[in-house]
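Trainee: Could you take me through one part of this model in some detail? I would like to start with the packing inside and then move on to a chain contact.

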Amino acid sequence: MNFWETITGSDLTRDWKAFEARAEALPGDYRAAWGQIIAHLFPYGDFTGRNLMPILDGALGLLEETASDGQSIHEVLGDDIPGFCAALAGGQGARTYRDRWREQLNRNVARKLGRLGG
Amino acid sequence: MDNLTEMLKGTLEGCVLEIIGSEETYGYAITRRLNELGFADVVEGTVYTILLRLEKNGLVQVTKRPSEQGPPRKFYALNDAGRKELATFWAKWEYITSRIDKLKEGGR
Amino acid sequence: MGIHDIIEGKKQWRAHMARFKALPSDYQIVYKEIQRYFFKVGPVGLADGSLLSGIVDFFEEGVAAGKGVLELIGNDVAAFCDDLIKDSRTYSDVYQESISGKPGTAEQ
């Protein structure tokens, strides 16, 4: 049985509740961004949103991580939230976004290690 | 020689298989072996990603052993599938180098 | 069914975080950025926790050997990440397949 098949309807409700609880703990601007991400990703899902669960989980993890770091939400998601969401779902522009994330990763590492004085 | 990374990419996995094939060994030792061979740019991280793939593809047998300092080490040995893969690698290598040599010598 | 749930289910998430916090700061920085990248890219290996805990295993070995993090994985951290998930599908691949009804049509 694969990961997808193990997600049953009841698990899904539980997942949504868990998502809500986690989102509650986010700072205001992050919580707003989470709302936008859901709104933009939802057209990509079937009516239960089942096929989006792991993608949403990753996005929420990202918000939690960056919020605890004190990074601005704009720095994390950029100007184009719909574009970002399309990329998360593997839609149009995903390749460009992947390149951008790659550069962002190396740039952040260089900057933060530099600050460390290493 | 510098900047071999791109050209090495497809062959490094074969090199790692060959090193493991000659004796059971671990990541750091494999990296050092490659560095000594003249591939100075190869870092442990590169070897780690290769070992992970070999493991996932069922080509190696992995044994965890305590090390003198720090966490336990994973030792790698080839299994039958790994030996087959290594033979395939050398066959492909043979083929490619013979073609390229021919090209260089201006033959057809 | 998320990353946290699953690792937590195995009561490993807390142990994982404790190990993360025991790493030197340069390792912590790089680990965090890697995790962040994977949250966006969404490799399926994230779900069972093996990908992230494997990285911590590997980092601990590097620390024990007295290496800096970039010495261990090289300057191109993104390349290291992509090598790590080279053979693995992503959630967006899975999603794209689910809507197209056939594998392999997802744009990366």
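Predicted model: local features only at pLDDT ≥ 70, side-chain atom pairs only at ≥ 80, totals over all residues.

Mentor: Happy to! Leaving aside residues up to four places away in sequence, Val30(C) touches Val109(A) and Leu113(A) from chain A, along with Phe59(C), Val69(C), Ile73(C) and Val77(C). Val30(C) belongs to the largest nonpolar core, a set of 62 residues. Among those with the most contacts inside this core are also Trp34(A), Leu41(A), Ile34(C), Phe38(C) and Phe59(C). The biggest contribution comes from helix H3 of chain C (residues 25-41), which supplies nine residues. As a rule, nonpolar side chains in soluble globular proteins tend to be buried together.

Now for the place where chain B meets chain C. The contact draws 14 residues from chain B and 17 residues from chain C. About 1,400 Å² is buried between them, with carbon and sulfur atoms giving 58%. On the chain B side, Glu44(B), Tyr48(B) and Arg53(B) lose the most area to chain C, together 37% of what that side buries. The interface has one salt bridge by the rule used, and five residue pairs are in polar contact between the two chains. Helix H3 of chain B (residues 44-56) gives the most to this side, with seven residues. Sorted by class, the chain B side has six nonpolar, five polar and three charged residues.

How values were computed: Residues numbered from 1 in each chain as written. Chains lettered and ligands numbered in written order. Heavy atoms only, no water. Core = buried A, V, L, I, M, F, W, Y, C linked by side-chain atoms within 4.5 Å. Buried < 20%, exposed > 50% of the residue type's maximum accessible area, 1.4 Å probe, protein only. Helix = DSSP H or I, 4+ residues; strand = E, 2+ residues; numbered from the N terminus. Contact = heavy atoms within 4.5 Å. Buried area = accessible area lost by both parts, 1.4 Å probe. Salt bridge = Lys/Arg side-chain N within 4 Å of Asp/Glu carboxyl O. Polar contact = N/O pair within 3.5 Å; in protein donor to acceptor, adjacent residues only side chain to side chain. Nonpolar A, V, L, I, M, F, W, Y, C, P; charged D, E, K, R; others polar.
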